[in-house]
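User: I am new to this structure. Please walk me through how to read it.

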Amino acid sequence: MNERIVNVRTSDGNYRVVVGTGVLGSIATATADALGHAPARVFIVADAGVPESAHAAVIDSFAALGASVHVHVVRPSERDKSIETLEGILAAMARTRHERADPVVALGGGIVGDTAGFAAACYRRGVPIVQCPTTLLAMVDASVGGKTAVNLAVPGADGAPELRKNFVGAFHQPILVVADIAMLSTLSDRHFRCGLAECVKHGMIAAEAGDDQLGPWTARTLDAAIARDAATLIELIARNVALKATIVGRDTRETDPAGGRVLLNLGHTFAHAIEPIHHLTPDGDAAHAPLHHGEAVSLGLAAAAHCATTLGHCDASIEFQALETLVAAGLPTKVCDLPDTAWIVDAMLHDKKVSGDKLRLVLPIGPARARLFNDPLIDAVRGAIDSIRA
Ligand SMILES: NC(=O)c1ccc[n+]([C@@H]2O[C@H](COP(=O)([O-])OP(=O)(O)OC[C@H]3O[C@@H](n4cnc5c(N)ncnc54)[C@H](O)[C@@H]3O)[C@@H](O)[C@H]2O)c1
(Lines give C-alpha, C1' and ligand atoms only; values in the text may rest on other atoms or scores of the structure.)
Protein backbone atom coordinates (compact mmCIF):
# COMPACT_ATOMS: atom_id res chain seq x y z
CA MET A 1 0.00 0.00 0.00
CA ASN A 2 1.36 3.41 -0.97
CA GLU A 3 0.92 5.41 2.22
CA ARG A 4 2.32 8.65 3.63
CA ILE A 5 2.16 9.90 7.21
CA VAL A 6 2.44 13.60 8.06
CA ASN A 7 2.92 14.47 11.73
CA VAL A 8 1.15 17.61 12.90
CA ARG A 9 2.49 19.25 16.05
CA THR A 10 0.39 22.06 17.51
CA SER A 11 0.17 23.85 20.83
CA ASP A 12 -3.20 22.09 21.28
CA GLY A 13 -1.89 18.55 20.64
CA ASN A 14 -0.11 16.37 18.10
CA TYR A 15 -1.62 13.95 15.61
CA ARG A 16 -0.96 11.96 12.46
CA VAL A 17 -2.41 12.51 9.01
CA VAL A 18 -2.50 9.19 7.15
CA VAL A 19 -2.72 9.56 3.36
CA GLY A 20 -3.06 6.55 1.08
CA THR A 21 -5.26 4.13 -0.84
CA GLY A 22 -7.53 1.93 1.27
CA VAL A 23 -6.44 3.48 4.59
CA LEU A 24 -10.08 3.87 5.73
CA GLY A 25 -10.16 0.10 6.34
CA SER A 26 -7.78 0.46 9.30
CA ILE A 27 -9.41 3.56 10.79
CA ALA A 28 -10.50 1.75 13.97
CA THR A 29 -7.04 0.52 14.98
CA ALA A 30 -5.51 3.91 14.09
CA THR A 31 -8.18 5.61 16.26
CA ALA A 32 -7.54 3.22 19.15
CA ASP A 33 -3.79 4.00 18.86
CA ALA A 34 -4.48 7.74 18.93
CA LEU A 35 -6.90 7.45 21.88
CA GLY A 36 -4.78 4.99 23.82
CA HIS A 37 -7.79 2.65 24.17
CA ALA A 38 -10.34 0.88 21.97
CA PRO A 39 -13.45 3.09 21.80
CA ALA A 40 -16.65 1.73 23.33
CA ARG A 41 -18.90 4.03 21.25
CA VAL A 42 -18.30 5.86 18.01
CA PHE A 43 -20.52 8.58 16.57
CA ILE A 44 -20.10 9.00 12.83
CA VAL A 45 -21.27 12.23 11.20
CA ALA A 46 -21.59 11.19 7.57
CA ASP A 47 -21.92 13.34 4.47
CA ALA A 48 -25.10 12.42 2.55
CA GLY A 49 -23.08 12.62 -0.69
CA VAL A 50 -20.49 10.05 0.33
CA PRO A 51 -21.17 6.57 -1.14
CA GLU A 52 -22.66 3.98 1.26
CA SER A 53 -19.58 1.78 0.71
CA ALA A 54 -17.48 4.35 2.59
CA HIS A 55 -19.96 4.42 5.49
CA ALA A 56 -19.77 0.60 5.57
CA ALA A 57 -15.94 0.57 5.57
CA VAL A 58 -15.84 2.83 8.65
CA ILE A 59 -18.70 1.06 10.45
CA ASP A 60 -17.18 -2.40 9.81
CA SER A 61 -13.75 -1.28 10.96
CA PHE A 62 -15.08 -0.04 14.34
CA ALA A 63 -17.56 -2.89 14.75
CA ALA A 64 -14.68 -5.37 14.32
CA LEU A 65 -13.06 -3.71 17.33
CA GLY A 66 -16.24 -4.22 19.37
CA ALA A 67 -17.45 -0.59 19.39
CA SER A 68 -21.12 0.33 19.16
CA VAL A 69 -21.47 2.61 16.16
CA HIS A 70 -24.08 5.32 15.43
CA VAL A 71 -24.32 7.07 12.10
CA HIS A 72 -25.88 10.52 11.69
CA VAL A 73 -26.21 11.67 8.08
CA VAL A 74 -26.13 15.40 7.26
CA ARG A 75 -26.73 17.34 4.05
CA PRO A 76 -23.57 19.10 2.86
CA SER A 77 -24.67 22.60 1.85
CA GLU A 78 -23.54 25.98 3.18
CA ARG A 79 -27.16 26.64 4.27
CA ASP A 80 -27.11 23.40 6.24
CA LYS A 81 -23.72 24.27 7.79
CA SER A 82 -25.83 25.83 10.49
CA ILE A 83 -26.67 26.08 14.18
CA GLU A 84 -29.74 23.89 13.45
CA THR A 85 -27.63 21.08 11.97
CA LEU A 86 -25.20 21.42 14.88
CA GLU A 87 -28.08 21.13 17.34
CA GLY A 88 -29.34 18.02 15.52
CA ILE A 89 -25.91 16.37 15.81
CA LEU A 90 -25.56 17.27 19.51
CA ALA A 91 -29.04 15.96 20.34
CA ALA A 92 -28.39 12.72 18.46
CA MET A 93 -25.09 12.28 20.33
CA ALA A 94 -26.84 12.81 23.65
CA ARG A 95 -29.48 10.25 22.65
CA THR A 96 -26.74 7.62 22.08
CA ARG A 97 -25.29 8.47 25.54
CA HIS A 98 -22.01 9.47 23.92
CA GLU A 99 -19.39 9.96 26.65
CA ARG A 100 -16.34 12.19 27.03
CA ALA A 101 -13.82 9.53 25.91
CA ASP A 102 -15.86 8.40 22.88
CA PRO A 103 -14.73 9.72 19.49
CA VAL A 104 -16.75 11.46 16.80
CA VAL A 105 -15.77 10.57 13.24
CA ALA A 106 -16.40 13.14 10.50
CA LEU A 107 -16.78 11.32 7.18
CA GLY A 108 -17.21 13.77 4.35
CA GLY A 109 -16.20 17.02 2.73
CA GLY A 110 -15.18 20.23 4.46
CA ILE A 111 -18.76 21.19 5.38
CA VAL A 112 -19.28 17.98 7.34
CA GLY A 113 -15.75 18.12 8.79
CA ASP A 114 -16.22 21.69 10.06
CA THR A 115 -19.71 21.02 11.47
CA ALA A 116 -18.89 17.67 13.10
CA GLY A 117 -15.64 19.15 14.42
CA PHE A 118 -17.56 21.99 16.07
CA ALA A 119 -20.06 19.50 17.54
CA ALA A 120 -17.14 17.53 19.00
CA ALA A 121 -15.66 20.76 20.39
CA CYS A 122 -18.96 21.68 22.14
CA TYR A 123 -20.43 18.35 23.24
CA ARG A 124 -19.78 18.00 26.99
CA ARG A 125 -17.11 20.70 26.48
CA GLY A 126 -15.15 18.56 24.07
CA VAL A 127 -14.82 14.98 22.84
CA PRO A 128 -12.17 13.55 20.46
CA ILE A 129 -12.68 14.00 16.73
CA VAL A 130 -11.24 11.89 13.90
CA GLN A 131 -11.40 13.60 10.53
CA CYS A 132 -11.95 11.40 7.46
CA PRO A 133 -11.95 13.87 4.57
CA THR A 134 -13.55 12.56 1.39
CA THR A 135 -13.05 15.55 -0.95
CA LEU A 136 -9.72 16.85 -2.24
CA LEU A 137 -10.38 20.22 -0.58
CA ALA A 138 -10.96 18.62 2.80
CA MET A 139 -7.87 16.39 2.37
CA VAL A 140 -5.44 19.18 1.47
CA ASP A 141 -6.87 21.80 3.82
CA ALA A 142 -10.08 21.65 5.89
CA SER A 143 -9.41 18.44 7.86
CA VAL A 144 -6.08 19.67 9.24
CA GLY A 145 -5.44 22.51 11.69
CA GLY A 146 -8.41 22.31 14.03
CA LYS A 147 -10.59 25.17 12.75
CA THR A 148 -14.23 24.12 13.17
CA ALA A 149 -17.31 26.25 12.54
CA VAL A 150 -20.81 26.71 11.22
CA ASN A 151 -22.24 29.66 9.30
CA LEU A 152 -24.51 32.21 10.97
CA ALA A 153 -27.65 33.60 9.33
CA VAL A 154 -27.85 37.30 10.35
CA PRO A 155 -30.83 39.48 9.34
CA GLY A 156 -29.59 42.09 6.84
CA ALA A 157 -30.85 45.68 6.40
CA ASP A 158 -33.88 44.39 4.45
CA GLY A 159 -34.58 41.71 7.08
CA ALA A 160 -33.52 38.86 4.78
CA PRO A 161 -30.90 36.57 6.35
CA GLU A 162 -27.29 37.06 5.25
CA LEU A 163 -24.98 34.09 5.67
CA ARG A 164 -21.80 34.92 7.62
CA LYS A 165 -19.27 32.23 6.75
CA ASN A 166 -17.76 30.21 9.62
CA PHE A 167 -18.86 32.90 12.09
CA VAL A 168 -19.44 30.61 15.07
CA GLY A 169 -16.80 28.05 15.84
CA ALA A 170 -13.91 26.81 17.93
CA PHE A 171 -10.38 25.54 17.62
CA HIS A 172 -10.54 21.79 18.15
CA GLN A 173 -7.67 19.72 16.79
CA PRO A 174 -8.44 16.20 15.56
CA ILE A 175 -6.70 13.24 17.21
CA LEU A 176 -6.20 11.65 13.79
CA VAL A 177 -6.84 12.42 10.11
CA VAL A 178 -7.37 9.59 7.62
CA ALA A 179 -7.34 10.66 3.96
CA ASP A 180 -8.20 7.70 1.76
CA ILE A 181 -7.66 8.71 -1.85
CA ALA A 182 -9.93 5.86 -3.01
CA MET A 183 -12.74 8.22 -1.90
CA LEU A 184 -11.80 10.65 -4.66
CA SER A 185 -12.85 8.22 -7.42
CA THR A 186 -16.52 9.15 -6.91
CA LEU A 187 -15.99 12.90 -6.40
CA SER A 188 -17.37 15.09 -9.20
CA ASP A 189 -14.91 16.84 -11.46
CA ARG A 190 -16.21 20.23 -10.30
CA HIS A 191 -15.66 19.47 -6.61
CA PHE A 192 -12.27 17.92 -7.37
CA ARG A 193 -11.14 21.15 -9.06
CA CYS A 194 -12.31 23.11 -6.00
CA GLY A 195 -9.64 21.32 -3.97
CA LEU A 196 -7.01 22.52 -6.43
CA ALA A 197 -7.89 26.13 -5.52
CA GLU A 198 -6.59 25.58 -1.98
CA CYS A 199 -3.48 23.88 -3.45
CA VAL A 200 -2.83 26.99 -5.59
CA LYS A 201 -3.29 29.14 -2.46
CA HIS A 202 -0.75 27.00 -0.59
CA GLY A 203 1.69 27.35 -3.50
CA MET A 204 1.38 31.15 -3.26
CA ILE A 205 2.55 31.14 0.41
CA ALA A 206 4.73 28.01 0.40
CA ALA A 207 8.09 29.74 0.95
CA GLU A 208 6.76 30.77 4.38
CA ALA A 209 6.87 27.03 5.22
CA GLY A 210 10.16 26.25 3.45
CA ASP A 211 8.65 24.63 0.33
CA ASP A 212 9.05 27.38 -2.26
CA GLN A 213 8.79 24.83 -5.11
CA LEU A 214 5.27 23.69 -4.17
CA GLY A 215 3.54 26.16 -6.55
CA PRO A 216 5.65 25.34 -9.64
CA TRP A 217 5.41 21.60 -8.85
CA THR A 218 1.60 21.86 -8.54
CA ALA A 219 1.39 23.69 -11.87
CA ARG A 220 3.58 21.03 -13.56
CA THR A 221 1.60 18.09 -12.16
CA LEU A 222 -1.92 19.50 -12.62
CA ASP A 223 -2.75 17.16 -15.51
CA ALA A 224 -1.73 14.04 -13.56
CA ALA A 225 -3.68 15.27 -10.53
CA ILE A 226 -6.80 15.97 -12.61
CA ALA A 227 -6.44 12.48 -14.15
CA ARG A 228 -6.46 11.30 -10.48
CA ASP A 229 -3.16 9.46 -10.75
CA ALA A 230 -2.82 7.83 -7.32
CA ALA A 231 0.88 8.53 -6.72
CA THR A 232 0.45 12.19 -7.73
CA LEU A 233 -2.58 12.61 -5.47
CA ILE A 234 -0.77 11.12 -2.47
CA GLU A 235 2.20 13.44 -3.05
CA LEU A 236 -0.09 16.45 -3.61
CA ILE A 237 -2.09 15.83 -0.43
CA ALA A 238 0.94 14.98 1.74
CA ARG A 239 2.83 18.07 0.55
CA ASN A 240 -0.12 20.42 1.11
CA VAL A 241 -0.82 18.92 4.54
CA ALA A 242 2.88 19.28 5.48
CA LEU A 243 2.77 22.95 4.51
CA LYS A 244 -0.37 23.58 6.54
CA ALA A 245 1.08 21.61 9.47
CA THR A 246 4.22 23.78 9.50
CA ILE A 247 2.22 27.02 9.53
CA VAL A 248 -0.36 25.80 12.08
CA GLY A 249 2.44 24.39 14.25
CA ARG A 250 3.97 27.88 14.50
CA ASP A 251 0.73 29.75 15.22
CA THR A 252 -2.00 27.27 16.18
CA ARG A 253 -4.63 29.78 17.26
CA GLU A 254 -3.86 32.50 14.71
CA THR A 255 -2.55 34.99 17.25
CA ASP A 256 0.65 36.00 15.43
CA PRO A 257 0.04 39.59 14.21
CA ALA A 258 3.09 39.40 11.93
CA GLY A 259 1.35 36.92 9.71
CA GLY A 260 1.52 33.30 10.94
CA ARG A 261 -1.58 31.21 10.40
CA VAL A 262 -3.49 34.17 9.00
CA LEU A 263 -1.49 33.73 5.76
CA LEU A 264 -3.65 30.66 5.06
CA ASN A 265 -6.49 33.15 4.54
CA LEU A 266 -4.96 34.44 1.30
CA GLY A 267 -7.87 35.27 -1.03
CA HIS A 268 -10.47 34.35 1.58
CA THR A 269 -11.64 37.87 2.53
CA PHE A 270 -12.77 38.36 -1.06
CA ALA A 271 -13.99 34.74 -1.26
CA HIS A 272 -16.14 34.82 1.87
CA ALA A 273 -17.84 38.03 0.68
CA ILE A 274 -18.85 36.58 -2.69
CA GLU A 275 -19.46 32.93 -1.75
CA PRO A 276 -22.91 33.52 -0.16
CA ILE A 277 -24.21 35.48 -3.21
CA HIS A 278 -26.61 32.82 -4.33
CA HIS A 279 -26.97 33.63 -8.03
CA LEU A 280 -23.25 33.54 -8.92
CA THR A 281 -22.01 30.72 -11.12
CA PRO A 282 -18.50 29.62 -12.15
CA ASP A 283 -19.32 29.62 -15.88
CA GLY A 284 -22.33 31.88 -16.42
CA ASP A 285 -24.71 28.90 -16.50
CA ALA A 286 -27.50 29.61 -13.98
CA ALA A 287 -27.94 25.87 -13.45
CA HIS A 288 -24.49 25.83 -11.80
CA ALA A 289 -25.29 28.42 -9.10
CA PRO A 290 -24.22 28.92 -6.38
CA LEU A 291 -20.43 29.03 -6.42
CA HIS A 292 -18.69 26.28 -4.47
CA HIS A 293 -16.19 27.28 -1.78
CA GLY A 294 -13.14 26.39 -3.92
CA GLU A 295 -14.50 28.47 -6.83
CA ALA A 296 -14.96 31.48 -4.54
CA VAL A 297 -11.40 30.94 -3.27
CA SER A 298 -10.14 30.89 -6.87
CA LEU A 299 -11.83 34.25 -7.54
CA GLY A 300 -10.50 35.54 -4.21
CA LEU A 301 -6.93 34.55 -5.13
CA ALA A 302 -7.28 36.32 -8.48
CA ALA A 303 -8.57 39.46 -6.72
CA ALA A 304 -5.85 39.36 -4.04
CA ALA A 305 -3.12 38.99 -6.67
CA HIS A 306 -4.56 41.95 -8.62
CA CYS A 307 -4.79 44.07 -5.46
CA ALA A 308 -1.15 43.30 -4.56
CA THR A 309 0.03 44.21 -8.06
CA THR A 310 -1.88 47.53 -7.98
CA LEU A 311 -0.44 48.37 -4.58
CA GLY A 312 3.08 47.50 -5.78
CA HIS A 313 3.55 44.70 -3.24
CA CYS A 314 4.62 42.31 -6.00
CA ASP A 315 5.25 42.45 -9.71
CA ALA A 316 2.64 41.52 -12.29
CA SER A 317 4.24 38.11 -12.94
CA ILE A 318 2.82 36.84 -9.62
CA GLU A 319 -0.72 37.73 -10.72
CA PHE A 320 -0.08 36.26 -14.17
CA GLN A 321 1.19 32.94 -12.76
CA ALA A 322 -1.69 32.67 -10.30
CA LEU A 323 -4.28 33.26 -13.03
CA GLU A 324 -2.54 30.84 -15.39
CA THR A 325 -2.52 28.01 -12.83
CA LEU A 326 -6.13 28.64 -11.74
CA VAL A 327 -7.32 28.59 -15.36
CA ALA A 328 -5.29 25.43 -16.08
CA ALA A 329 -6.98 23.84 -13.06
CA GLY A 330 -10.37 24.66 -14.62
CA LEU A 331 -11.23 27.23 -11.96
CA PRO A 332 -12.97 30.60 -12.48
CA THR A 333 -10.93 33.83 -12.31
CA LYS A 334 -13.87 36.00 -13.43
CA VAL A 335 -17.56 35.89 -12.61
CA CYS A 336 -20.75 37.33 -14.18
CA ASP A 337 -23.38 39.38 -12.34
CA LEU A 338 -21.24 40.41 -9.37
CA PRO A 339 -23.18 42.97 -7.26
CA ASP A 340 -22.01 46.58 -6.84
CA THR A 341 -18.40 46.98 -5.75
CA ALA A 342 -19.51 49.01 -2.69
CA TRP A 343 -21.79 46.14 -1.64
CA ILE A 344 -18.89 43.66 -1.86
CA VAL A 345 -16.56 45.96 0.11
CA ASP A 346 -19.26 46.20 2.78
CA ALA A 347 -19.57 42.39 2.86
CA MET A 348 -15.77 42.14 3.18
CA LEU A 349 -16.03 44.30 6.31
CA HIS A 350 -17.83 41.35 7.98
CA ASP A 351 -14.61 39.34 7.70
CA LYS A 352 -13.33 37.94 10.98
CA LYS A 353 -9.95 39.66 10.47
CA VAL A 354 -11.52 43.15 10.42
CA SER A 355 -10.19 45.27 13.28
CA GLY A 356 -11.54 48.72 14.24
CA ASP A 357 -13.76 48.61 11.12
CA LYS A 358 -10.63 48.47 8.96
CA LEU A 359 -10.01 45.76 6.37
CA ARG A 360 -7.02 43.48 6.85
CA LEU A 361 -5.98 41.57 3.75
CA VAL A 362 -3.43 38.85 3.12
CA LEU A 363 -1.71 39.71 -0.15
CA PRO A 364 1.14 38.14 -2.15
CA ILE A 365 4.47 39.96 -1.88
CA GLY A 366 6.58 37.80 -4.20
CA PRO A 367 7.02 34.22 -5.39
CA ALA A 368 5.45 31.91 -2.76
CA ARG A 369 5.32 34.71 -0.19
CA ALA A 370 2.48 36.74 1.36
CA ARG A 371 1.88 39.22 4.19
CA LEU A 372 -1.04 40.62 6.17
CA PHE A 373 -1.76 44.28 5.31
CA ASN A 374 -3.82 46.58 7.53
CA ASP A 375 -6.26 49.03 5.96
CA PRO A 376 -5.20 48.64 2.30
CA LEU A 377 -5.97 51.52 -0.06
CA ILE A 378 -9.69 51.15 -0.78
CA ASP A 379 -9.30 52.06 -4.47
CA ALA A 380 -6.98 49.07 -4.92
CA VAL A 381 -9.55 46.83 -3.21
CA ARG A 382 -12.30 48.17 -5.48
CA GLY A 383 -10.08 47.65 -8.53
CA ALA A 384 -9.40 44.06 -7.43
CA ILE A 385 -13.14 43.37 -7.20
CA ASP A 386 -13.70 44.90 -10.64
CA SER A 387 -10.83 42.78 -12.05
CA ILE A 388 -12.84 39.58 -11.45
CA ARG A 389 -16.00 40.84 -13.19
CA ALA A 390 -16.72 38.88 -16.40
N1 LIG B 1 -11.61 24.17 8.66
C2 LIG B 1 -10.81 24.63 7.73
O3 LIG B 1 -9.64 24.91 7.97
C4 LIG B 1 -11.34 24.81 6.33
C5 LIG B 1 -10.45 25.06 5.28
C6 LIG B 1 -10.96 25.17 3.99
C7 LIG B 1 -12.33 25.05 3.76
N8 LIG B 1 -13.16 24.83 4.82
C9 LIG B 1 -14.61 24.66 4.60
O10 LIG B 1 -14.81 23.51 3.78
C11 LIG B 1 -16.06 23.65 3.08
C12 LIG B 1 -15.87 23.19 1.65
O13 LIG B 1 -15.51 21.84 1.65
P14 LIG B 1 -15.62 20.91 0.35
O15 LIG B 1 -15.02 21.60 -0.80
O16 LIG B 1 -15.13 19.59 0.73
O17 LIG B 1 -17.17 20.91 0.03
P18 LIG B 1 -18.41 20.04 0.57
O19 LIG B 1 -18.21 19.67 1.97
O20 LIG B 1 -19.60 20.80 0.17
O21 LIG B 1 -18.34 18.72 -0.31
C22 LIG B 1 -18.51 18.83 -1.69
C23 LIG B 1 -19.55 17.87 -2.26
O24 LIG B 1 -18.91 16.62 -2.49
C25 LIG B 1 -19.72 15.57 -1.96
N26 LIG B 1 -18.81 14.51 -1.60
C27 LIG B 1 -17.98 14.45 -0.53
N28 LIG B 1 -17.19 13.39 -0.61
C29 LIG B 1 -17.54 12.72 -1.73
C30 LIG B 1 -17.07 11.54 -2.37
N31 LIG B 1 -16.06 10.84 -1.86
N32 LIG B 1 -17.66 11.14 -3.50
C33 LIG B 1 -18.69 11.86 -4.04
N34 LIG B 1 -19.15 13.01 -3.50
C35 LIG B 1 -18.58 13.42 -2.36
C36 LIG B 1 -20.49 16.19 -0.84
O37 LIG B 1 -21.66 15.47 -0.56
C38 LIG B 1 -20.75 17.58 -1.39
O39 LIG B 1 -21.90 17.55 -2.20
C40 LIG B 1 -16.47 25.10 3.22
O41 LIG B 1 -17.57 25.19 4.08
C42 LIG B 1 -15.26 25.77 3.82
O43 LIG B 1 -15.60 26.87 4.63
C44 LIG B 1 -12.70 24.70 6.09
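User: In which sense do strand β2 and strand β9 pair, and over how many bridges?

Analyst: Some ground rules come before that. This is a predicted model, where local features need pLDDT of at least 70, side-chain atom pairs count only at pLDDT 80 or more, and totals for chains, interfaces and linings use all residues. Residues are numbered from 1 along each chain as its sequence is written. Helices (H or I, at least four residues) and strands (E, at least two) are DSSP runs, numbered from the N terminus. Two strands pair if DSSP finds at least two bridges between them. Here β2 (residues 13-20) and β9 (residues 176-180) pair in the parallel sense, over five bridges. Val18 stands opposite Val178 in β9.

User: What is the strand order of the open sheet?

Analyst: Seven strands run in the order β1-β2-β9-β6-β5-β3-β4, with mixed pairing. β1 (3-10) and β4 (68-74) each have a single partner strand, so one side of each lacks a neighbour in the sheet. From one strand to the next, the twist averages 15 degrees. Angles run from 0 to 180 degrees between N-to-C directions, and axes are lines fitted to C-alpha atoms, for helices over the stretch in contact.

User: Which strands does helix α8 touch?

Analyst: Contact means C-beta atoms, placed from the backbone, within 7 Å. Helix α8 (residues 230-250) packs on the sheet and touches β1, β2 and β9. Its direction makes about 10 degrees with that of β1. Helix α1 (residues 27-35) lies across β2, β6 (129-133) and β9, at about 160 degrees to β9.

User: At what angle do α12 and α13 pack?

Analyst: Angles under 35 degrees count as roughly parallel, over 145 as roughly antiparallel, 65 to 115 as roughly perpendicular and the rest as oblique. Helix α12 (residues 341-348) and helix α13 (residues 378-387) pack at about 110 degrees, with axes 10 Å apart. That makes α12 roughly perpendicular to α13. The contact includes Ile344 of α12 and Val381 of α13. Its residues divide into five nonpolar, one polar and two charged. Nonpolar covers Ala, Val, Leu, Ile, Met, Phe, Trp, Tyr, Cys and Pro; charged covers Asp, Glu, Lys and Arg; the others, Gly among them, are polar.

User: How many residues surround the ligand, and which are the closest?

Analyst: A residue is near a molecule if its C-beta atom, placed from the backbone, lies within 6 Å of it. The ligand is surrounded by 27 residues, the closest being Gly49, Gly109, Gly110, Ile111 and Thr135. Elements giving two or more residues to this shell are α4 (110-122), α5 (136-142), α6 (189-205) and α10 (293-311). By class, the shell has ten nonpolar, twelve polar and five charged residues.

Note on methods. Two residues are in contact if their C-beta atoms, placed from the backbone, lie within 7 Å.
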